[in-house]
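Hi,

Here is the structure I promised to pass on.

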Amino acid sequence: MKSFDYYREKLQAINHALDKRLSAILDDDVIEHGEAINTKALTADSAKQLKALKRELNLDIREIRSGYQFKINNAKHGKKTSLRHDKVNALAPYDYIKLRIDKVLLNITNIKDA
């Protein structure tokens, strides 16, 4: 299982590369035909990377959930509530990254439309 920091850094790297290349293309406020084709390829590549990262993230989320569910199922009644809170706290950063990935994917869709 990969850490929250791993996913955050990967997302930042993909987003930074996308922003940097888009800034270079949009510097002169005119998008020529070649730049449009490059932008289309860039957005497709970035979306592909983000979707792969999201699949990886979902596997880790599933692993965390199943680990906690096993603990909850085998715990005494008084400990179950505490474990459920721990589960929510453990998943929160991963859910945050998942939302950030979705936001960048939505931005990519808007870039493609523009």
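Below is what turned up, starting with the core and moving on to the charges.

Keep in mind that this is a predicted model.

Let's begin inside. The largest nonpolar core has 20 residues, and Leu11, Leu50, Leu57 and Ile101 touch the most other members. H1, H2 and H3 each give two or more residues to this core, with the largest share, eight residues, coming from H2.

Lysine 2 pairs with glutamate 56 at 3.0 Å, N to O. Lysine 2 sits in the segment before H1 and glutamate 56 in helix H2, so this pair ties together parts that are 54 residues apart in sequence. Lysine 54 and aspartate 102 form another salt bridge, at 2.5 Å. This one also links distant parts of the chain, as lysine 54 is in helix H2 and aspartate 102 in helix H3, 48 residues apart. Arginine 8 and aspartate 5 meet at 2.9 Å, and both lie in helix H1, three residues apart, or about one turn of the helix.

Finally, have a look at the surface. Asp27, Asp28, Asp29 and Glu32 form a negative patch there. Aspartate 27 belongs to the loop between helix H1 (4-26) and helix H2 (33-74). Is aspartate 27 buried or exposed? Its relative accessible area is 62%, so it counts as exposed, the cut-off being over 50%.

Cheers

Conventions
Residues numbered from 1 in each chain as written. Predicted model: local features only at pLDDT ≥ 70, side-chain atom pairs only at ≥ 80, totals over all residues. Heavy atoms only, no water. Patch = residues over 30% accessible without salt bridge, like charges linked within 9 Å, V, L, I, M, F, W, Y side chains within 5 Å. Areas by Shrake-Rupley, 256 points an atom, 1.4 Å probe, with all protein chains shown as cover. Salt bridge = Lys/Arg side-chain N within 4 Å of Asp/Glu carboxyl O. Lys, Arg positive; Asp, Glu negative; His and termini not counted. Charge placed at Lys NZ, Arg CZ, Asp CG, Glu CD. Helix = DSSP H or I, 4+ residues; strand = E, 2+ residues; numbered from the N terminus. Buried < 20%, exposed > 50% of the residue type's maximum accessible area, 1.4 Å probe, protein only. Core = buried A, V, L, I, M, F, W, Y, C linked by side-chain atoms within 4.5 Å.
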